[in-house]
Structures are given as C-alpha cells and as structure tokens.
Amino acid sequence: MAGERRRRGGDGPRERPRERLRDPKLRQQQKPPRGSGRGRTALALTAAAAALALALAAAAAGWKRWSEASRLVTPHPAPPAVPPGSTGPLASPTYFWGTYRPHVYFGMKTRSPRAVVTGLMWLQHGGDLRHTSEQNNGVSRYGWLMHDGENFGVQEIRDEGLLLRTEFVKQPGGDHGGDWSWRVTVKTEGNGPAPLVSLFFYVATDGQGTLRPVLENGTRLAAVAGTAEELGDFTVTFLPPTGEGGEGPKYASYNFLAAGVPGLHRLTDLVRRSLRESSVFSPPGRPRRRFFGVSSAGGLPGEPPRGQLLLHQATLEPPAALEVTLESGSAAAERRFEDAFGLGARGESLPRRRFAQAALSEMLGGIGFFHGRSLLRSERREEPVPGMESALFTAVPSRSCFPRGFLWDEGFHLLLLARWDPALARDILAHWLDLLNADGWIPREQILGDEARARVPPEFVLQHSETANPPTLLLALERLLPDAPLPYLRRLSPRLRAWFEWLNRTQAGPEPLTFRWRGRDPDPERFLNPKTLSSGLDDYPRASHPSAQERHLDLRCWMALGARVLAALAERLGEPAAPYRDMAAALSDNDLLDRLHWAPELGAFADFGNHSAAVALRWHRPAPVPGGPPAAPRLRREVREPPRPRFVGALGYVSLFPLLLQLLRADSPRLPALLGSMRGEKQLWTPFGLRSLARDSPMYLRRNTEHDPPYWRGSVWVNINFLALRALRGYARAPGPHRERAARIYRELRLNLVGNVFRQYEATGFLWEHYRDSDGAGQGCRPFAGWSALVVLAMAEDY
C-alpha cells in the first residue's frame, strides 16, 4: 500500500554547500602548500568548515523530515466541519444515546470520547459466551428488523436453538440526552427440554466516570448508580425477569461481578475468566443444576485497570424476559418507513417491505461512535506514528467483519441515510471531513480505539499516508447539496477542496488529466496480479507489472465526479466555480477519454500500463538451507511473455466507469458497446446482477495467491450494480439513440438484483458482502448491511 509520489519542496539551495565540498576540483584548489603552518591551519579550518556544513545539512535534512512527517498527524487548519459542542446532549439530544457499538450483538453508548458503555452477553450452558458479533461462531442469524436511527429498534438473534429478541426505546428529556429502556426476551425453538441460559447485562467505564453497585439481598445487582462527565448522575436499573409476555415473575439465580477493566476491548476475556462452575440453579420443587457464574476471583492479572465493570447475571430457563422498561414504537417506525420509501404504494408485498425495513434497520443499528488515534505510516519516516486524536460517528460495513469506518464504503452508506434522515447523514459526513490532516489526507480505514483495533488483523492496522480511496462522500454530498443549510456547506467547503486537491496532487498520472492509484502491492511476484486496495476494488485486474506509467480509468472518472460536485458546491455558495467546472469538462471530454482509455482490441474502456497477459501461478520449491529441513513449496508468479505498455485486457466494472458515473454523452458511439457488454451473458450479465469481471476474461475467478481466493473477479456487488441502475435510468431518460435499450436493460437488471438479494435474505437471514455469479448465493461477510442495503433505494427507484 506504499505510494511513490513524494513532496520535494525545500530541496535545492540547502544542498549546494555539500555539492561544493564534494567537487574534487574545488578541493584541489583549496589544498594548502605542503609543510606550511598556515596551510595546516587552513586545512584544519577547511575540515572544520566541511564538518560544520555536513552537520548543518544533516540537521536541515532532519528538520525537513520531521516537518513533513509532522503534517501527517497535524489536523487540517480549516474550521471543523462538526462545530465544537454540537454533538453533546443539549445540542444534539436525538443522537446523543444510541446503539453505537456495532461490533457487539447489543449495546448502547453516548457520542462521547470516554463514554460509559452498556451491553449484553449471554451463555447457553454447555456453549460459548456470546458478546461480540463474529463471522463463524455458530450464531446462525442475527440482525435488526426495525431501527429508526434515533429512538427505537428491534433485533432478533438465533443461536443454537435459542431465539433472543432485543428491543430498545429512548425517551427524550432532561439535560443528558434523555433516557433509554431495554427489553431482552429469550425462548427456545423446538420442543426439547429448556436449557439453562445466563443473560449478562453490564455497565462499564473506560478512564472516565465512576460506578457504584446497588445490591438487593446481597446477591442481586438491582441497579448501577454512576457519575460521568456528560451524563452527570445516572442510574441503570435491572428488573427481575418475568415469563414471556410479562406473565408473572420468573425464577432466576443471580450473580454479579465488580472488576477493574484494563480496556473495553478486554471485556469478553474478563468475564470469561471470571466464570466458575460453582453456582447452583435451585428452582422450587425442581432438580438442582450447576452452572457457570461470574466470580470476583477471576480477572486479568498483570493488566492495570483503566475503568470499572459492573455486571448483572441472571440465570434462568426460557421462555423469559428481562426488562428495564416495556415500551413499543413499531407502528410509528413503519409509518415513517413508508413515508420515506413508498414501497407499499408501489405495490411491494409485505415480506419484501419487511425485508427492506430490516436492511435499513441493520445499517442504522450498525452506526457507531469511535474515538482514538489511527496508527499511521509515512514514506518520510521509518517508524509508524499515532495519528491525531479523532472522533468518528459513522456507519460500518459489517458488524461481524468490519465494525469500523471505511472511507469509500461510507459514501454509499450515506446515499441511503440521506434519504432516511438528511440531518443524520450530514452529521456523519462532517465527522469524516474532520479527519483531514494538514496535507488534506483522510486515512481510508478508521481504526480508532482499542476495541476497534482488537478486531483488525495486524497487517491492516497501519494506514499509509500516500494511499487514497474513491471519494464516494461526494456522491452523498451531491444528493444532500440542494437542501443542506448554507452555514453547514460553508464549514465543509474548505475541507472538501483540500481533500480534492490532495487527490489531484498525489494521485496524478503520467500525462496531464490522467490519474494513478498509489499503493499497489509491493511484491508483484507473490500475486497473480498485484492488488490495488486503494481503489476499493482490491484484486480487480490491473497492469501485471506496477509502474509509474499506469493510467487508471476508474480514478479518472471519480475525479471527474469530484470536480463536478465541487463546482456545484461553489455555485451554491456563490464562490468561483470556473476552475472546477473547467476540470470537470476536461475530464469528461469524450474524445480525450477515447484517446487515453479506449482499447479497440477489447471493445471497451480499460486501464493502461506495463502489462503481460501471459502470467500464471506455479508451484516452486525454494532451495534448501544447508543442514535444514526441505523447504515447503510455494506458489509464485511466472511471466511467460515480457510485459509491454498496453491496455489491460480485463472487461469488468472498471470498463463501465465512464457509464457508471455518466461521463459518456447520451449519443456516444461507445455506449452501444458498453450496453452490449453489460447484457452479454458471456461477459457481465447474470440472473442476479452484473458480475464484476467478464466470464471470458483471462482473470475470471482466478485465485491471486494460494490463500487469496477471487474477490472482485466475478462476484456480483450491490454498490456497483446500484451505480449501474442509476446510470441506466439516466440514459433511459436522456434524449438519444440508445434510450430504449438502456431502459430495457435497467428494468431487467433491477428485477434480477432486487429479487436475488431478497431471496438470499429469506433463505439465510442476512444481507451479504457479495453474491456468487453462478447461482446468486451470498458470499463473503455477513451480515453486510453496508452498501448491500442500497437495495432499498433500488426497490424505491430512488437514485
């Protein structure tokens, strides 16, 4: 992910003294006569001068490196896009409390840097402790069925015969963001004997705030009394469990845990180590049963506490409900959903409407608030450095796989959120722009705080300062722009300009008006085709041999979109728009686009670079180390034909970008070829949506390494299909010779995409990261209510 373009400012005059001293002719002229005392003095002075010059040059070079590296962790000087104090309980009570912990199955916190957090764990005795949402831990199905992003949510979780229903409701009022209430209902599926289940409700702090247990009969944690900076004095109360539907009291055994917490990312480990099989469940007139109960004898030795944990464990036999309060807001939520998307008025069936509401709710329930520092790597220094302290309010792609912020994902998320709640979308967008550093860079992946970092493989923690990401936030801004308040847009404007200028400066290509993604994989012989993570399309085939001569088509199209949106923003603010308007026109020039990116042999637009089509992975056995064991064979790339400058023969999503972002004129002679590739069943068309790489492409479904299966090499991705639907709808409505064909493909593609995503949700209970092109089956991460939730806008035909 390391880039290649460097800042060169400050070179030149500072190097001249050193160059002068290196010149052998000058050294000869300065040499004094042999044996002369004055000569020896002059020689000593010359040596001293040389040493001083070298020291000064080294100091200057060190200062330059320090100064450049310091910009990496220096906030951008523009006024913040999120005004100070605007996210607090008085200024923004609606969004102060929320389910802002997407990485756990159920939990709430405030939008505070050192928030008090609350959450749920459960344990079916004989099984595993459940807390954080994981990809392959045996929980068969979970997700929000309703969530309005503000005051109300319902989630269902299915776990090895258990059905848990979690509900929350918020009540506005007071000076601290109002109150909230939970209800968790647990029952079994099937007719077998009721298992023993423990529900753990906890309150925890992380460096700020104090908690005090309120005990009943010395064993049951009836409440937690606490104090925190932004909450003041507060109380969390746990009511005794009742039967399902509130039918009388339910027998339960109680345990509680009070412990110091070394960090919120260690909560699961702390509770797991505190469990002892010494507690006894003794219902009247029934057999006694042992179970694992928390005990203060546990803990994490050797790790100093940063905060407190108070945990209430209720052990019972389902069915039962444990309540803090009992309220419902489902009717209001359904009315609001219909008002926003109108699916009922469009004739959508009740199951499909419920599916769409669940898709939106899972995205809203995946909004998180994060605080901390990223770990950054600059090409200007060897060691990584912690970034500036940052706060981020954002949706996440996946609660199980990616419970953190991703830059290019968020632009797609905001397209849906902007339709549901424009104020919420504007708030999230402003938080992202406040991550800008002094150079105008935003790290593509936000790993803020210990809880977030604990879920990230080490190789992905470092964020590289030359690595970009598609500026999809501008897609969302284009949607928000007409109705956004002018003061808000004025706060955003300098940050958006700085970000766009950084992209234009650092991702410039080899020729004017060309662009190149920095940060391709640095070990090309390890991969069939070196990945380009910065593009967001990861393993999509690019030039086989990365070089500075590459021209990346998708990046050029993103820059054209950016220039277009910034021109519209400037016009809305009454500022000079001509530079952006001129750049947008130049990048959208269809003749220049043809010259730089049309590949006649492919019949489509393409990347250009140093490329060989004759590459393959072959097993190689490394030479043995003398005296050591035989080396294991490894897959390495073989190049059977030397690379040469040429267009990359890969027909797929990248080829469509001039159409996807609507840079092609409606009468473009290239449009029929692209429409034909989209509809061609041997190329991009499937009954489930457009596949990412043509079936007749050399790289179709090819592995990139032994352990690196195909990703963007054939699967159907909802975000790009959404862009295709949006563009086809535009071409179908624009006067031109291809409008009827575009309209026909639009109707078929929408039917295929929506139908498959719905069927897979019905079959599995999840939205998926991507879908197999052969049978439509969900693949990758689940739940993935990030950009896959754009299916809701496709159902509403709201682009």
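A: Cys-557 is buried, because its relative accessible area is 0%; buried means under 20% relative accessible area, exposed over 50% and partly exposed in between, with a 1.4 Å probe and protein chains only.

Q: What kind of model is this, and how are residues numbered?
A: The model is predicted: local features need pLDDT of at least 70 and side-chain atom pairs count only at pLDDT 80 or more, while totals for chains, interfaces and linings use all residues. Residues are numbered from 1 along each chain as its sequence is written, and side-chain values use heavy atoms, with hydrogens and water left out.

Q: How many disulfides does a search of the whole structure find?
A: The search finds one disulfide, where a disulfide is a pair of cysteine sulfur atoms within 2.5 Å. Cys-401 and Cys-781 form it, with their sulfur atoms 2.3 Å apart.

Q: Where do Cys-401 and Cys-781 lie?
A: Cys-401 lies in the loop between β21 (390-395) and β22 (405-406), and Cys-781 in the loop between β34 (778-779) and α20 (791-796), so the pair ties together parts that are 380 residues apart in sequence. Helices (H or I, at least four residues) and strands (E, at least two) are DSSP runs, numbered from the N terminus.

Q: Are Cys-401 and Cys-781 buried or exposed?
A: Both Cys-401 and Cys-781 are buried.

Q: Turning to rings, how many aromatic pairs are there?
A: The count comes to 35 aromatic pairs. Rings of Phe, Tyr and Trp (its six-membered ring) pair if their centres lie within 6.5 Å; planes under 30 degrees apart count as stacked, over 60 as edge-to-face and the rest as tilted.

Q: Why is the pair of Phe-341 and Trp-420 stacked?
A: Their ring planes are at 0 degrees and the centres 6.3 Å apart, so the pair is stacked. Phe-341 lies in helix α6 (residues 330-341) and Trp-420 in helix α8, so parts 79 residues apart in sequence are tied together.

Q: And which residues does His-431 contact, leaving aside neighbours within four places in sequence?
A: With contact meaning heavy atoms within 4.5 Å, His-431 touches Val-82, Thr-87, Arg-111, Phe-369, Ala-391, Leu-392 and Phe-393. His-431 is found in helix α9 (residues 422-433) and counts as buried, because its relative accessibility is 6%.
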